[in-house]
Amino acid sequence: MKELRRLGHVRTLAFASASLLACGSPPVAECPASPPSALIIPPSASATPAASVAPTVTATSSAPLPSSAPVAVIVNVANTAAVAHAKETIALSATELKKLAPALELGKTLVFDQSDAPVLSQVVAGVNGAPGELVFQTDLGANEQKSFHVRSGERKPAAASDYHVYGRFVRERHDDFAWENDLVAHRMYGPELETTQKEPLISSGIDVWAKRVPRLLVNEWYMTDDYHQDHGDGADFYSVGKTRGCGGLGIWAKEKLAVSKNFVTSRVLANGPIRLVFELDYAPWDAGGVKVSETKRVTLDAGTFFNRFESTFTAKKGPLAVALGISKHPGGAVQTDSGSMRVWEPVENGKNGNLACAIVLAPGGAGIAQQVDDGFLLVTAAKPGEPLRYYVGSAWDRAGKVVSSDAWTAEVQKLSARNAAPARVTLSAGPGATAAPAPAPAPAPAPALSAKPAPASAPAAAH
């Protein structure tokens with residue numbers, strides 16, 4: 001954001017191994033795979049309290065090699081819609097796979113298409129007792145069906161060029177959390193930014209980084225600390241300040257917007273090459289006399305303009321009126337219906353093109369439009385303890401993918417239709433779906449040893 005353009009001088013430019021990367025706050029021992037960047041920026045010594053951080057879950061990813069193992073599970077994928085689904089992400093639950101192939105180990109599974117060519121896949125570990133997933137992508141034409149095979153095999157590390165998502169906790173830039181895929185990039189603000197001496201900022205708004213190119217840029221832009229000028233790759237033109245930015249939220253209480261401070265902890269749960277998953281925690285804040293806290297889980301897949309958000313709130317009273325927001329900027333035009341809100345706006349009076357932002361509720365969700373001085377709001381209901389799912393997306397016309405307001409409307413409508421009618425996935429056992437090996441029989445119990453009788457002359461025990 002412009003008002004912080006000089007705030008983030010990189011404190012160190014030393015090269016370091018991926019094991020030193022700050023992928024969550026504070027850094028943990030088990031970090032997900034690093035991105036295909038030449039530079040890994042090491043963390044500084046500052047940290048948020050370790051006691052407040054849940055364990056990071058490591059995600060394993062690999063590019064499969066040809067396998068001679070028999071097919072364990074057959075995966076049939078069908079697009080029932082009359083429009084194509086590009087980059088459809090297929091997520092196979094470990095539990096469902098093992099029902100059909102009990103001997104299958106999630107960390108030793110490979111995916112092949114119907115011609116037996118290997119398909120890039122990613123193993124995402126389960127969180128909080130949830131089963132892990134095997135994730136891959138495919139392009140589906142209108143009403144098209146495809147078949148894939150899951151086999152046992154040794155997974156190998158993915159090539160750097162296969163990584164199309166990445167995110168990390170940026171300790172060297174006042175505790176940012178930044179993330180991206182091949183189309184979009186964003187960041188949110190952490191605890192150190194609240195108290196930095198030069199220019200503190202308290203904001204739970206979401207920043208947008210405009211990208212021209214598909215390669216991953218987060219590390220490069222932080223390294224050079226010159227990301228407010230477009231040098232051919234894009235730039236951070238978006239101004240967030242204390243607004244909601246593109247998709248930040250607050251609680252609508254007593255006709256006012258009550259917002260949190262910066263996130264206090266972060267966790268990276270999966271880090272590519274196909275899917276990024278991370279969580280941010282927000283400390284309790286006052287919302288009309290009710291204390292509310294939030295855990296925000298963000299999932300971003302390769303090849304999409306839209307992040308999937310799941311916000312889970314803790315509060316003693318409910319339901320809550322959650323206001324999802326987009327900043328008001330000069331020249332911006334907003335369009336709202338019951339299930340979505342989108343903005344198309346000129347960047348710096350049009351000299352840097354136009355930027356789009358949208359919020360799309362999950363199927364069945366409904367919202368009411370509201371406004372505050374600095375933003376447009378879509379207010380929807382959420383129950384404490386139950387995740388509120390919604391989607392936040394952005395696009396820049398100079399990237400050449402979405403070049404008009406009408407084209408952005410079409411992208412929003414496409415997402416809504418896709419969410420309402422996702423690809424249908426059915427699983428069946430293959431010829432290699434062998435049963436799990438039977439447990440080894442328990443050893444026979446040793447014969448019981450009888451007690452040796454005491455001699456007749458032994459004295460009686462004292463009572």
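This is a predicted model: local features need pLDDT of at least 70, side-chain atom pairs count only at pLDDT 80 or more; totals for chains, interfaces and linings use all residues.

Me: How many helices and strands does the chain have?

Reply: Helices (H or I, at least four residues) and strands (E, at least two) are DSSP runs, numbered from the N terminus. The chain has four helices and 27 strands.

Me: What part of the contacts joins residues at least 24 apart?

Reply: A contact means heavy atoms within 4.5 Å. Among contacts in the chain between residues at least 6 apart in sequence, the share that joins residues at least 24 apart is 70%.

Me: What is the accessible surface of the chain?

Reply: Accessible areas come from the Shrake-Rupley method with a 1.4 Å probe; for residues, only the protein chains shown count as cover. For the chain the value is about 20400 Å², and 56% of that belongs to carbon and sulfur atoms.

Me: How do I read strand pairing, and which strands form the open sheet?

Reply: Two strands pair if DSSP finds at least two bridges between them. In a regular strand the side chains alternate between the two faces of the sheet. Here five strands form an open sheet in the order β9-β10-β11-β12-β13, with antiparallel pairing. β9 (165-170) and β13 (234-235) are at the edges with a single partner strand each, so one side of each has no neighbour in the sheet. β13 is joined to β12 (residues 207-211) by two bridges, and Lys 211 has Gly 234 in β13 as its bridge partner.

Me: Which strands pair with β8?

Reply: One is β2 (residues 71-78), which pairs with β8 (residues 145-152) in the antiparallel sense over seven bridges. Another is β4 (residues 109-113), also antiparallel to β8, over five bridges. Phe 148 of β8 is the bridge partner of Val 75, and Asp 113 stands opposite Phe 148 too.

Me: Why is β7 described as largely enclosed?

Reply: Six of its eight residues are buried, so β7 is largely enclosed by the rest of the structure. Seven bridges join β7 to β3 in an antiparallel pairing, where His 85 has Leu 140 of β7 as its bridge partner. β6 (residues 121-124) also pairs with β7 in the antiparallel sense, over four bridges, and Val 123 stands opposite Leu 134 there.

Me: How is a pocket defined, and what is the volume of the largest pocket?

Reply: On a 1 Å grid over the protein atoms alone, a cavity is a set of points where a 1.4 Å probe fits but cannot get out; a pocket is an open set with protein on both sides within 12 Å along at least five of seven lines, and lining residues have an atom within 4 Å of a point. Grid points are joined across faces, edges and corners, and a volume is the space filled by probe spheres set on the points. The largest pocket has a volume of about 940 Å³. It is lined by 33 residues, and the closest to its centre are Glu 88, Thr 89, Leu 415, Arg 418 and Asn 419. β3 gives the most to this lining, with seven residues. Elements that supply at least two residues each include β3 (85-93), β7 (133-140) and α4 (405-420).

Me: Where in the chain are the cis peptide bonds you would show me, and which residue with a positive phi is not a glycine?

Reply: Most residues other than glycine have a negative phi, and most peptide bonds are trans. The bond from Gly 272 to Pro 273 is cis, with omega near 15 degrees, and Pro 273 is in the loop between β16 and β17. Gly 318 and Pro 319 are also joined by a cis peptide bond, with omega about 0 degrees. His 174 has a positive phi of about 55 degrees although it is not a glycine, and His 174 is buried, with a relative accessible area of 9%.

Methods. Residues are numbered from 1 along each chain as its sequence is written. Side-chain values use heavy atoms; hydrogens and water are left out. Buried means under 20% relative accessible area, exposed over 50%, partly exposed in between (1.4 Å probe, protein chains only).
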